[in-house]
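Subject: Structure handover

Hello,

Here is the structure we talked about. Please open it alongside the notes below.

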Amino acid sequence: MTKEEKDIKTDTHLRILQVCDAMGLSQREFSRRMGRGTSYVKQLRHITSDVLHEISLAFPEINILWIINGEGEMFNAVSPEGSDMGYIRRLKEEIEELKKRNEALHEQVIRLKLEMEKLKGYKNVDERVDFAADADITK
């Protein structure tokens, strides 16, 4: 990595920290809102296109070009409706993800209940152990 590339990376990271400050968010909260671990921004050293994409999804009001090169305004000129729409979009995406996780957990509960009922049908302990060893309840 050349010195120029290293300086750009460092400047980009510093601009992300400036955004946190301007938004009144700690690095932990900024990381959390990106859907990352709480120390993500603090430990961030490689600003990739994926990182920038995550920032743009979590914070559509942030001017990604400003983060990259420092030119222009820190925040996009967004109407209040536009800002609300980004927030609503993120909430809808989160709701859909939670619905999928809930459905998967519900299916797992049903499978486990069926396995319990099968195990109850065995009279002695040895039969239960053999059945449980053969059963794949993680599907």
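A polar contact here is a pair of N or O atoms within 3.5 Å, and within protein one must be able to donate a hydrogen and the other to accept it. Keep in mind that this is a predicted model.

Start with asparagine 63. It sits in the loop between H4 and H5. A polar atom of its side chain lies 3.1 Å from the backbone nitrogen of leucine 65. Is asparagine 63 buried or exposed? Its relative accessible area is 15%, under the 20% cut-off, so asparagine 63 counts as buried. Beyond its neighbours within four places in sequence, asparagine 63 contacts Glu71, Glu73, Met74, Phe75 and Asn76.

Next, the largest nonpolar core. This core holds 19 residues, and Phe30, Ile55, Phe59 and Ile67 touch the most other members. Helices H1 (3-23), H3 (40-43), H4 (49-58) and H5 (64-69) each supply at least two of its residues. H4 gives the most, with four. Setting aside residues up to four places away in sequence, phenylalanine 59 touches Met23, Leu25, Phe30, Arg33, Met34 and Arg90.

Last, the largest pocket. Its volume is about 480 Å³. The lining has 13 residues, and the closest to the pocket centre are Arg33, Gly35, Ala58, Arg90 and Glu94. H2 (27-33), H4 and H6 (80-120) each supply at least two lining residues. H6 has the largest share, with six. By type, the lining divides into seven charged, five nonpolar and one polar.

Best wishes

Terms used:
Residues are numbered from 1 along each chain as its sequence is written. This is a predicted model: local features need pLDDT of at least 70, side-chain atom pairs count only at pLDDT 80 or more; totals for chains, interfaces and linings use all residues. Side-chain values use heavy atoms; hydrogens and water are left out. A nonpolar core is a set of buried Ala, Val, Leu, Ile, Met, Phe, Trp, Tyr and Cys residues joined through side-chain atoms within 4.5 Å. Buried means under 20% relative accessible area, exposed over 50%, partly exposed in between (1.4 Å probe, protein chains only). Contact means heavy atoms within 4.5 Å. On a 1 Å grid over the protein atoms alone, a cavity is a set of points where a 1.4 Å probe fits but cannot get out, and a pocket is an open set with protein on both sides within 12 Å along at least five of seven lines; lining residues have an atom within 4 Å of a point. Grid points are joined across faces, edges and corners, and a volume is the space filled by probe spheres set on the points. Ala, Val, Leu, Ile, Met, Phe, Trp, Tyr, Cys and Pro count as nonpolar, Asp, Glu, Lys and Arg as charged, and the others, Gly among them, as polar.
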